[in-house]
Amino acid sequence: LQVLKGFSLEVKAGETLALIGPNGAGKSTLLEVLVGGINPSQGSVSSDLNKESDPPMLRIAQVPDLPPFLSLLELVVLGLRGWRSDVENYSSYAKELLTKWGLASRYNRPTRLASPGEIRRALFALVEGIRPKVLLLDEALSALDPAILVQAETLIKDLSSDGSSTLLVTHDMGLAERIPERVALLHQGVLAATWSQNEIQEARSQGKTMLDLYLETTGTGSD
């Protein structure tokens with residue numbers, strides 16, 4: 001079964017790219033290829049990351065596969081220890097990050113007992129601590145309350161200003177219209193269209209939303 005059919009996609013340094021498309025279009029499969037979980041039968045994946053010195057490519061999966069025995073605090077400490085040798089007290093810094101993400105009273109909650117929203121917040125706390133050069137978000141902004149969502153969006157923009165690249169997989173057309181510099185539509189395993197923010201705003205001036213562009217391109221809109 002061929003899920004992805006030959007296409008080229010580049011995310012530039014400092015760019016946030018939203019990837020949208022129907023269920024089963026291949027979005028999560030593409031992220032698996034990018035992190036090395038799936039080897040492509042053809043083609044290749046390349047990046048400008050310096051594996052010796054740059055923070056890692058970090059992915060927040062739609063359903064994160066985390067060790068169930070770790071607490072939220074231990075999860076963040078473990079990630080920090082791997083990539084932040086400059087931190088003097090990992091536990092204190094992890095608590096500071098978790099508090100910032102609204103988890104001050106949940107440090108010791110095991111991941112197996114944490115809600116999806118709590119896990120996402122802990123992972124965004126880790127993202128803030130590590131500041132990866134490449135961030136892959138697979139529906140990672142869902143299950144967040146409005147205030148934390150704004151905080152996550154601000155972090156993504158902050159990382160972008162530092163030169164980090166973010167690939168945001170989402171079904172939320174509002175997010176796709178609001179956050180990224182470009183939006184790419186993956187449909188039936190093919191890169192069907194891309195839009196810049198200028199093109200999206202031009203469509204908006206003509207009365208078309210991101211949802212309208214999506215429906216027109218996929219052929220799922222009503223006549």
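**Close-up views**

**View 1. Gln188 sits in the loop between strand E5 (182-187) and strand E6 (190-196).** The model is predicted: local features need pLDDT of at least 70, side-chain atom pairs count only at pLDDT 80 or more, and totals for chains, interfaces and linings use all residues. Residues are numbered from 1 along each chain as its sequence is written, and side-chain values use heavy atoms, leaving out hydrogens and water. Gln188 is not a glycine, yet its phi is positive, about 55°. Most residues other than glycine have a negative phi. Gln188 counts as exposed because its relative accessibility is 57% (exposed means over 50% relative accessible area, buried under 20%, partly exposed in between, with a 1.4 Å probe and protein chains only).

**View 2. Arg131 lies in the loop between H4 and strand E3 (134-138).** Arg131 also has a positive phi, near 55°, in a residue other than glycine. Its relative accessibility is 25%, so Arg131 counts as partly exposed.

**View 3. Trp101 and Phe124 form a stacked aromatic pair.** Rings of Phe, Tyr and Trp (its six-membered ring) pair if their centres lie within 6.5 Å; planes under 30 degrees apart count as stacked, over 60 as edge-to-face and the rest as tilted. Trp101 belongs to the loop between helix H3 (90-100) and helix H4 (116-130), and Phe124 to helix H4, so the pair ties together parts 23 residues apart in sequence. Both Trp101 and Phe124 are buried. A search of the whole structure finds one aromatic pair.

**View 4. The protein has eight helices and six strands.** Helices (H or I, at least four residues) and strands (E, at least two) are DSSP runs, numbered from the N terminus. From the N terminus on, their order is β-α-β-α-α-α-β-α-β-α-β-β-α-α. The C-alpha atoms fill a box of roughly 55 × 40 × 30 Å along the principal axes. Among contacts (heavy atoms within 4.5 Å) between residues at least 6 apart in sequence, 70% join residues at least 24 apart. Of the 223 residues, 46% count as buried.

**View 5. The protein carries 21 positive and 27 negative charges.** Lys and Arg count as positive and Asp and Glu as negative, while His and the chain ends are not counted. Each charge is placed at NZ of Lys, CZ of Arg, CG of Asp or CD of Glu. The mean positions of the positive and negative charges are 5 Å apart.
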